Amino acid sequence: MIKRLLPLLLLLCMPILAIAEPGIPALTVTSGESGEQSYTVTLQILALMTVLTLLPAALIMMTSFTRIIIVLAILRQAMGVQSTPSNQVLIGLSLFLTFFIMNPVFDTAYEEGVKPYMDGQIEVLAAFEKSTQPFKAFMLAQTRESDLALFASIHGGMVLETKNDVPFSLLLPAFVTSELKTAFQIGFLIFIPFLIIDLVVASVLMAMGMMMLSPMLVSLPFKLMLFVLIDGWALLMGTLASSFYV
């Protein structure tokens with residue numbers, strides 16, 4: 001996975017550097033009349049470093065990571081455990097589940113774009129185009145048509161006859177919007193059972209006159225027991241993974 005992902009990440013940076021020479025000098029040394037020397041960083045290197053800083057955020061927004069991390073955060077809030085699992089555990093779990101879900105996309109992008117480019121069979125721009133097509137197909141499959149229409153109208157009434165006409169500049173915000181909607185819908189369904197437990201416990205404590213006892217404290221063991229009995233983690237992970245390929 002990592003062996004295929006790293007060349008793919010580098011290839012996504014290449015269109016900015018496509019017009020540069022194969023060997024890009026990092027520094028340019030200029031000698032003055034009096035013998036002094038000045039060092040200048042080339043614009044290609046500056047552009048490359050800028051793209052590398054933005055690339056992780058772009059890749060997170062182009063994958064299943066957004067939906068997964070939001071659903072897990074809502075689950076933690078619904079269960080009433082504020083710091084368990086910790087943010088590091090949730091992010092790590094979301095990241096590796098993203099690798100599992102996106103593995104077919106990464107493999108297709110590597111086989112169709114990265115590998116032919118590394119073998120010298122195609123040019124960098126053609127490799128970039130072929131590598132981004134699997135991501136575009138994945139994003140289009142998860143994006144609602146209403147969100148595409150919304151951003152097309154904001155863009156100035158762009159007419160999209162087919163899905164192949166959707167540019168990345170329009171697809172990316174529409175995909176993120178759809179992912180947010182889907183994540184909150186799943187989170188709503190997860191929240192309901194835990195909310196019912198909170199209401200039942202609060203009503204019982206109120207009827208017993210134990211108003212000084214926190215309902216959240218009493219309901220927490222019952223919510224944990226319910227989640228364990230139904231094998232909640234396996235059910236949630238399976239549901240999240242299958243939601244991208246329905």
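1. Helices (H or I, at least four residues) and strands (E, at least two) are DSSP runs, numbered from the N terminus. On that basis the protein chain has nine helices and two strands, and from the N terminus on its elements follow the order α-β-β-α-α-α-α-α-α-α-α.

2. This is a predicted model, in which local features need pLDDT of at least 70 and side-chain atom pairs count only at pLDDT 80 or more, while totals for chains, interfaces and linings use all residues. Residues are numbered from 1 along each chain as its sequence is written, and side-chain values use heavy atoms, with hydrogens and water left out.

3. Asp-147 belongs to helix α6 (residues 145–154), and it counts as buried because its relative accessibility is 2%, where buried means under 20% relative accessible area, exposed over 50% and partly exposed in between (1.4 Å probe, protein chains only). Across the protein chain, buried residues make up 35% of the 246 residues.

4. Leaving aside neighbours within four places in sequence, Asp-147 is in contact (heavy atoms within 4.5 Å) with Ala-174, Thr-177, Ser-178 and Lys-181.

5. The axes of helix α4 (residues 87–118) and helix α9 (residues 232–242) come within 10 Å and cross at roughly 45°; axes are lines fitted to C-alpha atoms, for helices over the stretch in contact, and angles run from 0 to 180 degrees between N-to-C directions. Leu-93, Leu-97, Phe-100 and Ile-101 of α4 make the contact with Trp-233, Met-237, Leu-240 and Ala-241 of α9.
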